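The entries follow in the order in which I made them.

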Amino acid sequence: MEREQLEQLLGGGDETSLAALSALRARASHVVWDGTTPSNSLATVYGRRLRHTLRRNIETSGLARAVQRLDLHGRPVQLGQIRTADGSWVFMLFLDEDGSTLVACTGVRQTQPVPPQPDTC
């Protein structure tokens, strides 16, 4: 998916989506993977991550809301990722099946910043 398409999808969102948009505009790396995953399975996985991050006091953005939205969505989603240029944050994007709508977005601060990856798109 092109950077401009992602910018449009993130533009009308919540605080987390706007943070991901800001990172994208600051030349963060991004990828949207082919294929879909059932949203209820992702709600379970990210629900576990929410509990883990709360126990470990790891800073997140929009994780509880993403779990709720995935659980309610009820249809498969495409996965995407935005990694800030300095590697301090990773945002996960959950798009509807055809990639035309943002279902949810969450971010997690990386305790050990990951080196930037080359832009794959």
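**Pocket and helix pair**

I looked up the largest pocket and found 13 lining residues, with Tyr-46, Arg-49, Leu-63, Met-92 and Val-108 nearest its centre; a pocket here is an open set of points on a 1 Å grid over the protein atoms alone, where a 1.4 Å probe fits, with protein on both sides within 12 Å along at least five of seven lines, and lining residues have an atom within 4 Å of a point. I noted that the model is predicted, that local features need pLDDT of at least 70 and side-chain atom pairs pLDDT 80 or more, and that totals for chains, interfaces and linings use all residues. Numbering runs from 1 along each chain as its sequence is written, and side-chain values use heavy atoms, without hydrogens and water.

The space in the largest pocket comes to about 190 Å³. I see that α3, β5 (89-96) and β6 (102-109) each give two or more residues to its lining, and that α3 gives the most, with 4 residues.

I then turned to α3 (residues 39-56) and α4 (residues 63-73), which pack at about 160 degrees with their axes 8 Å apart. The two helices are therefore roughly antiparallel (angles over 145 degrees). I recorded that the contact (heavy atoms within 4.5 Å) involves residues including Leu-42, Tyr-46, Arg-49 and Leu-50 of α3 and Leu-63, Val-67 and Leu-70 of α4.

Technical notes
Axes are lines fitted to C-alpha atoms, for helices over the stretch in contact, and angles run from 0 to 180 degrees between N-to-C directions. Angles under 35 degrees count as roughly parallel, over 145 as roughly antiparallel, 65 to 115 as roughly perpendicular and the rest as oblique. Grid points are joined across faces, edges and corners, and a volume is the space filled by probe spheres set on the points.
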